[in-house]
Structure formats: C-alpha cells, structure tokens
Amino acid sequence: MTTEISYLFISRCSPYAGQQARAALDLAFTAAAFEQKVSFVFIDDGVLQLLDRQDTQASQLKNIGKMIPALKHYDVENIYIHQPSLARAGLKQIDLPNEFKLLDDEKLGKLVATTDQVMVF
Amino acid sequence: MILHTVNKKQDCLQNCISVLGENDAILLIEDGVYATMAVNNGIDIWENIPPSTRLFALENDLVARGVSDKILPRFEAITLSQFVSLSCEYDKVISWG
Amino acid sequence: MKFSIVINGAPWSSPSALSALQFAETVLDSGHDIYRLFFYQDGVLNGSCLCVPPQDEEDIPARWQALIESNDIDAVVCAASALKRGILDKAEADRYDKPGHNLRQGFTISGLGQLIDATQQSDRVISFVI
C-alpha cells in the first residue's frame, strides 16, 4: 500500500565534507521514484553544492554538482534555495539553475510546517 | 506543532530557530545541550525566542556534560521517556543535527 | 503509536547511535511499537557482528541485536551504504566474491525504498543524525 505523503529534504552540508549531500540526493530520488510529492531545499553550506563548475576529475571525488540536475529528471517537484544562505556563503553572483526557486526564512518555515515528513542532511 | 531536536550548538541550531513556528518546541540533545547555558559567544541566542516556545534539554546529556546546574531557567530538563511522550504529542519531529 | 527510527551515525564515532538506541529502547518500554529501524550512511556500521569494544564501553551493536531479536523488530541496513562500507550478508559476499560476511543476526540488507515505506507506515519517524 502506498499512501501519498509530502517530503521535504533539507540539504545543509557542502558537497565534499562527507556523505550528507549524497545521502539527501539519493533519498530524494528514491522518494520521487515512489511517486511522492517531494521538495528539496539547499540551505547553509548546502548552497555550495550549486556551484556550477565543479570538476572532480583530478580530486577523484564523486561529482555532486553533476547529480543535482537529476532532481528535475526524477520529478522532484519543487527545488528551493534558501536565499539568506546564498548571501552568507558569498554567492550573490552565482548562476542559479533555472527552475530553482529562492525562498526566505518565512517561506521555509511555512514549507517545514506544511510538509508531512521533513529530513535534514 | 513541531518538535525540533538539535544535537550541536552552532549552525544547526540557528537553522532550526530561523524556521520556528508559533507552537513549536526545541529539544536539545547530545552536544546541543551546551546551548542551554546562558550565553554562547557573548550572545544570548534565546533572547528573541518567544516565551510561548517550549525549550527542553535531555537530562542524561546535561548531566553527562556537567551543565545541569548552569542551564537557563527557561529550559526544562526531560528524561528519555518524556522525549518519547513529546514525540507523540507533537505532530512531527525534525532532527536538525 | 508506531515509530520508525533512522540511525545515521556509526557506533562510537558520535553519540548519535547510542542516542538512537536508548530512544528505541524507551519507545518500547513506553508501550509503543517500532515498525522499522533503518540504518543509513555510517549508521550501517551498527550492523557489524565483528565489533569488539573495550569492556568499559557499551557494546552498541550487541544491544541493537538484543532489542531487535527480543521484540521481533524489522531492522534494515541500507544496501548502498552497507556494501561500500564492507557490511555484507552471506548472499552479498557470495555475489561479490568476498572472503567473509559480517552482518549481525536480526539485521537485513535492503534498499532506500524501505525508508520511504517506513515513513508511510509509521505514525512518527525519528532521525538521529550525526
């Protein structure tokens, strides 16, 4: 039996600090594959995952930046970027992916309050 | 109504505070309990939290770290079994790290 | 109430795994049920049967096993997280031609879908993060 519930995954870590960024993405892909209503938000150092010129070839790390466009392919419905975090990370000038929406504390609070299942990574 | 748990005393706590709803509560566990002490880095982070927000800290973690006699009066020290009860009482639990 | 608990931390690396274990024990002591324990990321290391902690430290994996077996709880370690960290059951060890397997009795290896299922079947899902 599959009940439809809403999910919000909050990704708050930089891409290569540990496995957190990857864990959040994998779980979002899985929830979306179950045809659930999935939202994803980048906050704090999580916005550093959005830098669009990550090249991990020399470092031999798994490229997190390249996984992010897959959120759209997996039908993750709403992808948000926490605007105050962008400013804190000094990323005011970043080229943001098109369909990603900016939100502030108040909107994030509302999203957190109205989503059934919220997980922070 | 959300029960927010926080287990560190820095950024995660700030994230949690910035989205806090009117009837939400915060439970500090593990190293999060250090934030029960009056002042962190010279700033009282609890000053702007509305008095209606209930603040809890896990007793075992307070005692383990030797801070149980230093906590702000606003905090209520709770047992693990009260943690379980609160998880039922609130609509959901969000663990911020 | 029906709880599921998500364990993201390795035993001893942070207090997270022990917190989760104590919470799970208290959930059952309080008369509630556990639908599933889901071990994700480094949390899968709680499922190793080869940990030998010093005598003055809690044997966290052994306590998980006792809790799981005496209450007949579904305990899942995330397959992708487990395999890359060297937590294998016999079937996976055979499949990848590895010289041994170390998944504790009571635990099973399965996919992330089991975590999504747990969020749907449980009244509360509590994550213990690192």
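Me: Leaving aside its neighbours within four places in sequence, which residues is Phe121(A) in contact with?
Reply: Keep in mind that this is a predicted model. A contact here means two C-beta atoms within 7 Å. By that rule, Phe121(A) touches Phe9(A), Ser11(A), Arg12(A), Cys13(A), Gln20(A), Ala23(A) and Ala24(A). Take Ala23(A): 98 residues separate it from Phe121(A) in sequence, yet the C-alpha atoms are 7.2 Å apart.

Me: Where along chain A is Phe121(A) found?
Reply: Look in the segment after strand E5 (117-120) of chain A.

Me: Is Phe121(A) buried or exposed?
Reply: For burial, you count the other C-beta atoms within 10 Å, and 20 or more makes a residue buried. Phe121(A) has 26, so it is buried.

Me: Now the interface. How many residues of chain C are in contact with chain A?
Reply: Twelve, and they meet 14 residues of chain A. Helix H5 (113-121) and strand E5 (124-128) of chain C each give two or more residues to that side, with H5(C) providing the largest share, five residues. Sorted by class, the chain C side has seven nonpolar, five polar and no charged residues.

Me: Which residues of H5(C) are buried?
Reply: Those are Leu115(C), Ile116(C), Asp117(C), Ala118(C) and Thr119(C).

Me: What do the buried residues of H5(C) pack against?
Reply: Elements from both chains. In chain A, they pack against helix H1 (20-33) and E5. In chain C, the partners are strand E1 (2-7), strand E2 (33-39) and E5.

Notes:
Residues numbered from 1 in each chain as written. Chains lettered and ligands numbered in written order. Predicted model: local features only at pLDDT ≥ 70, side-chain atom pairs only at ≥ 80, totals over all residues. Helix = DSSP H or I, 4+ residues; strand = E, 2+ residues; numbered from the N terminus. Nonpolar A, V, L, I, M, F, W, Y, C, P; charged D, E, K, R; others polar. Buried ≥ 20, exposed ≤ 12 C-beta atoms within 10 Å, placed from the backbone.
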